[in-house]
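Dear colleague,

Please find below the structure that I am handing over to you, together with its sequence.

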Amino acid sequence: MVSSPGKRLISLARREALWAYAFIAPWTIGFIIFTIGPMLASLFFSFTDYNIVDSPHWIGITNYVNLFNDDLFWHSLKITFTFAVIALPLGLVFSYLIAVLLNSKIAGINIWRTIYFLPSVIAGVAVALLWARIFDPKFGILNPILANFGIKGPGWFSDPDWALSALVIMSLWGVGGNVIIYLAGLQGVPTDLYDAAKVDGATALQRFWYVTLPMTTPVIFYNLVLGLIGTFQYFTEVYVISGGTGGPARATLFYNLYLYQNAFRYFHMGYASTMAWVLFIIVLCLTLLIFRSSEIWVYYEGQLKSK
Amino acid sequence: MTESLKTPLRTKPARRRFRGIQTQTLILKSITTFILAAGAGIIMIPFLYLLSTSVKDRDQLRQSPPPLIPMAADTVIINGQDEPLYEVTMDGKTSQMALIKFRPGGKAWFVDPTNPDQTHELVIADQKELRHVKFHFENYPEALKQMKFNKLLFNTLLVTFLGMAGMLFSCSLVAYGFSRFRAPWLNILFILLLSTIMLPSQVRLIPTYVLFNKLGWVDTLLPLIVPQFFANAYDVFLLRQFFMTIPLELDEAAKIDGASPLQTLMYIIIPQARPALVSVAIFHFLYAWNDFYEPLIYLHSPDHWTLAVGLQTFNALYAVNTNYIMAASAVMILPPVILYFLAQKIFTQGVVFTGIKG
């Protein structure tokens, strides 16, 4: 029996689709068990009183009302935003400039790249412990170095007014990850654009401003979005340095640390879920805002061609 | 006549301009090198501090400012006891003497080692303590013993490599599914997958914890390993971008030879995608090795800790022993640093990041 070509085509397409679904099954199943399911569950928990031992008890919007009356919630939000507003732009500019320097054709450039990327591979507890000691006002190494320049260094992690600044300095040391991504973007700028600009008599600064910068806006955008999300996840460094308290005087009580304390120290799982959802909505809004603004300042090569 | 005259006249300023540009680039390159060198110096300071502190003895930890090079006092045995040696100036003559007893008023008794019975009372501040370079390498085994390093290392390796196997296995399958097939909803599912990169992990944290708690997996390594077998957006995306660059002709040739899609993946795609697989494996290693948040939440008893949690606790308990903490930290950062130097090309040439170029 000969099946009609049309039928055969349909069954081929169906077979192909079945293969596709089979191959992506690990992710689909994981997405349901570890993403969508927990997301909905935490939305439900956010309306309950839940301490993990007893079953969740529906209390309506009480958690949300309590949260908005919780001084520590606002405080932790303020700390996180302050850090984001300072560390994020500083880190983006800093790593971009380093990437531009590392993209130049000078002797031994690979050695420089190696050194600059090195800190980014060793994030975590060891680094936090190291910096906590470097910043130590008495036995540390930073204040003696500053003293050589006639600067009297502050108490850093023992001074509520300076703890955040210390974290910003720490984060600048680890910008190598951003630099790698920028460097990939810089190397992707077609050289004929530079040649064309040179023929038109553009100076080095003009070439940077009118060619390099616009052509790398997608990478800046990428680093900005991931950096923003990273800031709201900021945890290990402050946990290790403050011993989980967010001290001194709650100066490093980041949002994520306060959420952790509620969930796993006090076992206020419902309240912590509320915090998680509020965080989710904040991050979602900020991300949408950045995506919206990207239409103005991010340049995609494909766009012009289609216009 | 006019032509031959014009030509050299015209080229002269052009050549001068060219030479001007050359010196300009030379200056620019020198400045670049200088800035890079200065920055590199600053970047290396913490590493130097880490290594130097890790081989100091306890007395030196209390010195402010901390000495860069670990030193120990020269000593001499006087009446069966180790006493520190000083360069002493007395009656205009300098000699080496041992300090045997502190006296009030910043003074001390000094004796000549060759004549230990005659003491001289002198102001300590006027004398120079004699020191020599001394590395206390024994800090390393001592620190590792105290923090029960072997057990922690075993757990960390288990989490890292089992998780890596799960990630490579699941992400290869999923990336293949997203790069080589047409099916309804596949594009929407892919966008859904990408959007999870931007999802703050806290929003799924608590129910996931509750789930693992119900399964009795809390305080085991399973919550850190099992989810890796269900793929993750970041690695799937990178692998898919790479798979797309592998020519389709190879797939089709295999298909004509009667290979199933699974065989095509195993014998055509995977061997071709080795650089990408190595890259995501390395990045997974770094992630799992350094991860602190999840081990902190799930692992409660010291026998199940990973290095990150163990090191944090070691510090919380023995923070004053900075030399031991730094020795343990140095050991903890060593594998990522070695891996980094071995796989430098992957980092510096950005194999993994080809996907996000504009």
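**Contact between the chains**

In this predicted model, 73 residues of chain B are in contact with 80 residues of chain A. On the side of chain B that touches chain A, helix H1 (residues 2–54) of chain B gives the most, with eleven residues. By residue class, that side of chain B divides into 50 nonpolar, 19 polar and four charged residues. For the complex, the predictor gives an ipTM of 0.89 and a pTM of 0.87.

**Overall form of chain B**

Chain B has a radius of gyration of 32 Å, whereas a compact globule of 358 residues would have one near 21 Å. Taken along the principal axes, the box filled by the C-alpha atoms of chain B is roughly 100 × 100 × 40 Å. Of the 358 residues in chain B, 35% are buried. Among the contacts in chain B with a separation of 6 or more, 66% are between residues 24 or more positions apart.

**Secondary structure and one hairpin**

Chain B contains 15 helices and eight strands. I would draw your attention to one pair of these strands. Strand E5 (residues 107–112) of chain B and strand E6 (residues 115–123) of chain B run antiparallel and are joined by six bridges. E5(B) and E6(B) form a hairpin, with two residues between them. Within this pairing, Val111(B) has Thr119(B) in E6(B) as its bridge partner.

**Confidence**

The average pLDDT of chain B is 87, and 92% of the residues score at least 70. Among the elements of chain B, the highest mean pLDDT, 97, belongs to helix H7 (residues 222–225) of chain B, and the lowest, 74, to helix H15 (residues 344–348) of chain B. Two stretches should be read with this in mind. Over residues 1–10 of chain B the pLDDT is below 50, and this stretch has zero contacts in the model beyond near neighbours in sequence. Residues 351–358 of chain B likewise have a pLDDT below 50, but this stretch has 29 contacts in the model beyond near neighbours in sequence.

With kind regards

Notes
Residues are numbered from 1 along each chain as its sequence is written. Chains are lettered from A and ligands numbered from 1 in the order in which they are written. This is a predicted model: local features need pLDDT of at least 70, side-chain atom pairs count only at pLDDT 80 or more; totals for chains, interfaces and linings use all residues. Two strands pair if DSSP finds at least two bridges between them. Helices (H or I, at least four residues) and strands (E, at least two) are DSSP runs, numbered from the N terminus. The radius of gyration is taken over C-alpha atoms; the globule rule is 2.2 Å times the number of residues to the power 0.38. A residue is buried if 20 or more other C-beta atoms lie within 10 Å of its own, exposed if 12 or fewer, and partly exposed in between; C-beta atoms are placed from the backbone. Two residues are in contact if their C-beta atoms, placed from the backbone, lie within 7 Å. Ala, Val, Leu, Ile, Met, Phe, Trp, Tyr, Cys and Pro count as nonpolar, Asp, Glu, Lys and Arg as charged, and the others, Gly among them, as polar. pLDDT is the predictor's confidence in each residue, from 0 to 100.
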